[in-house]
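Hi,

Here is the structure I promised to pass on.

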Amino acid sequence: MRPRESRSHLCGLLGQGVAPSLTPEMHEREALRHRMRLVYKTVELDERRTSPGRLRELLDHAVELGFDGLNVTHPVKQAMVPLVDRVSPEVAAIGALNTVVIRDGQTFGHNTDVTGFGVAFRAGLPEASLESVVLLGAGGAGTAVGHALAGLGARHLAVHDPDAGRAERLVASVRDLDAELVVEQVGGPGLADAVASASGVVNATPVGMAAHPGSPITPDLLTPSLWVADIVYRPLLTELLAAAAARGCRTLNGSGMAVHQAADAFELFTGRPAHRDAMLRDFDQMVAAEVALETSRERKQ
């Protein structure tokens, strides 16, 4: 599937709560570095617009209006899968997509959360042991991270999620990827032991976000031998990462996954290689600007 040659590109983001997303500006800034025109719009989906029939209409309209691609986020990553014409192997395995490429009237589903986490992990935690990893969260993002960890070479994966059925589905989907990978669900009573014997921990839950403060595990479970990754990027320094750093753990914040999944999508949409270091700098600047604005507002109150 070759990207079409185009003097301009039109892209969009479908989901709920997408207005504050940094993705549109990341894409538009990167396009400027390529001397390209790219317009990136957000499409807020209320509950009436998340049915399969309505999503089909939106996808058809995007094709008709000449969109080059769409990013897809909560809560329709799974619902969009059967609506596209073709899917990547990652999407077929996971059952969720976050990117739709549109070419010649056809739609192609991809999951750049998988590739984004993989690239971020290799760059941010080089040589980190993947002998035994605890994955916290088995939702859409957690499933993508689980598949990324399998692809990175994890040998043992312990999955914890309050929804046992969701955790079991993730376990089943990952188990088929590698016969030598041991993957299991871990309930609340076994979580402490799983962390104690792990080489690393990944938080793929919303806990730690500004709207969901806290830490998914208690700090006393963290030891200096662990590496700790968090896919949350608002804030970049979550309570989990702050506690981990204080205990001497190597840490990885959510900026890398956020940027690399966007960079992968940009390359799929445009066929141009993304300037990833520049996109990381853009991301840091945008987050810093948000923090400065919020601090200013708090001082005025």
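V119 counts as partly exposed because its relative accessibility is 23%. For that scale, buried means under 20% relative accessible area, exposed means over 50%, and partly exposed is in between, with a 1.4 Å probe and protein chains only. Leaving aside neighbours within four places in sequence, V119 is in contact (heavy atoms within 4.5 Å) with H260 and R276. H260 is 141 residues away from V119 along the chain, yet their C-alpha atoms are separated by 6.8 Å.

Before you read on, a word on the source: this is a predicted model, where local features need pLDDT of at least 70 and side-chain atom pairs count only at pLDDT 80 or more, while totals for chains, interfaces and linings use all residues. Residues are numbered from 1 along each chain as its sequence is written, and side-chain values use heavy atoms, with hydrogens and water left out.

Now the overall picture. The protein has 10 helices and 12 strands, and its C-alpha trace spans about 55 × 50 × 40 Å along the principal axes. Of its 301 residues, 49% count as buried. Looking at contacts between residues at least 6 apart in sequence, 70% join residues at least 24 apart.

On cysteines: the structure holds 0 disulfides, a disulfide being a pair of cysteine sulfur atoms within 2.5 Å. C11 counts as buried because its relative accessibility is 0%, and C249 is buried too, at 9%.

The backbone has a few spots to look at. A cis peptide bond joins H74 and P75, with omega about 5°, and P75 sits in the loop between β3 (69–72) and β4 (86–87). Another cis bond links R234 and P235, with omega about 5°; P235 is in the loop between β11 (227–230) and α8 (239–246).

One is R35, at about 60°, in the loop between α1 (23–33) and β2 (37–44); R35 counts as exposed because its relative accessibility is 81%. The other is D104, at about 50°, in the loop between β5 (99–103) and β6 (106–110), and D104 is exposed as well, at 77%.

Cheers

Key: Helices (H or I, at least four residues) and strands (E, at least two) are DSSP runs, numbered from the N terminus.
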